[in-house]
Amino acid sequence: QDRAARSAAAHLAPAYLPVGRVLAGSLAGLACSVVHAPISVLKNRLQVAQYADLRTAFLAVANADGLRGFYRGWASDASLEVLLATVQFVALDRLRALAPAGLPIAPWRNSAIGFAAGALTALCTEPLDVVKTRLTTQPLHPTSAAQPRGRGAKPSANLAAAAGGKAARAHKGRDGPDEYGGVSDALRQIARTEGTLALWRGLPQRVAYTELKGAIWYSAYEQTRVALGGALPRVAGLRL
């Protein structure tokens, strides 16, 4: 995202730089989501204790849904990346503008800027993060395309055997079709059945995480830029 933002800064007029940085960061985040979506699916399933280890989770998903299983909830992941980039760029630009003009910004101020930007980003993106977790941890539904073929092949529904004999812990949910049909459906169902505030579950923990992460990375980034004599551009494009 940082490289995309630098490219936008080099080709846009000053008046359009904020929009260009947001757009470039959003597109870069969208591309990144294609790569890290499978990792996110496995991480979320392990975090909710559906499987005992990474190998069990990987084989279970692969045998049940094939490649498609690793991109469950990708729309929510992509939406989250775009919103993250938008909020982050705008917040950092505005917060930096509050610093005294023409004077070096002290490390503690950079930490404070990153801290505040992290808190704002978490607050604005928590509903999509909740939805992403729900979508990526829905029960697996083996399809005929994922059934092993050949004499003596074991049914793919037997995920424990397919995963090397390790039992997968069952997800609490109904059998059959997915509980949530997509991002908008998940948002509606959660708000209707659990209340709107359910979309911000885990907010204190995520705010604390993004605040500390933002304070560390942004201060480190700016100090490194200064140490290198300004070789790095003053463009905040790293993901919180």
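Modeller: This is a predicted model. Searching the whole structure gives 2 aromatic pairs.

Colleague: How are the rings of Phe 58 and Phe 70 arranged?

Modeller: Planes under 30 degrees apart count as stacked, over 60 as edge-to-face, and the rest as tilted. Phe 58 and Phe 70 have ring centres 5.2 Å apart and planes at 40°, so this pair is tilted.

Colleague: Which parts of the chain does that pair tie together?

Modeller: Phe 58 sits in helix 3, residues 54–65. Phe 70 sits in the loop between helix 3 and helix 4 (74–97). The pair therefore ties together parts that are 12 residues apart in sequence.

Colleague: Is Phe 58 buried, exposed or partly exposed, and what of Phe 70?

Modeller: Buried means under 20% relative accessible area, and exposed means over 50%. Phe 58 has 41% relative accessibility, so Phe 58 counts as partly exposed. Phe 70 has 8%, so Phe 70 counts as buried.

Colleague: What is the geometry of Trp 217 and Tyr 218?

Modeller: Those two form an edge-to-face aromatic pair. The distance is 5.5 Å centre to centre, with 90° between the planes. Trp 217 is buried, and Tyr 218 is buried too.

Colleague: Now the fold. How many helices and strands are there?

Modeller: The protein chain has 8 helices and 0 strands. Along the sequence the pattern reads α-α-α-α-α-α-α-α. Of the 240 residues, 42% are buried.

Colleague: What share of contacts comes from residues 24 or more positions apart?

Modeller: Take the contacts in the protein chain with a separation of 6 or more. Residues 24 or more positions apart account for 76% of them. Gln 205 belongs to helix 8, residues 203–227. Its relative accessible area is 56%, so Gln 205 is exposed.

Colleague: And the surface? Which residues form the nonpolar patch?

Modeller: The patch consists of Leu 23, Leu 27, Leu 30, Val 34, Val 35, Trp 74 and Val 82. Together they have about 590 Å² of accessible area. Helix 2 (17–47) and helix 4 each supply at least two of the patch residues. Helix 2 gives the largest share, 5 residues. Val 34 is in helix 2. Val 34 has a relative accessible area of 38%, so Val 34 is partly exposed.

Key: Residues are numbered from 1 along each chain as its sequence is written. This is a predicted model: local features need pLDDT of at least 70, side-chain atom pairs count only at pLDDT 80 or more; totals for chains, interfaces and linings use all residues. Side-chain values use heavy atoms; hydrogens and water are left out. Rings of Phe, Tyr and Trp (its six-membered ring) pair if their centres lie within 6.5 Å; planes under 30 degrees apart count as stacked, over 60 as edge-to-face and the rest as tilted. Helices (H or I, at least four residues) and strands (E, at least two) are DSSP runs, numbered from the N terminus. Buried means under 20% relative accessible area, exposed over 50%, partly exposed in between (1.4 Å probe, protein chains only). Contact means heavy atoms within 4.5 Å. Patches are made of residues with over 30% relative accessible area and no salt bridge: like charges are joined within 9 Å, nonpolar side chains (Val, Leu, Ile, Met, Phe, Trp, Tyr) within 5 Å. Accessible areas come from the Shrake-Rupley method with a 1.4 Å probe; for residues, only the protein chains shown count as cover. A salt bridge is a side-chain nitrogen of Lys or Arg within 4 Å of a carboxyl oxygen of Asp or Glu.
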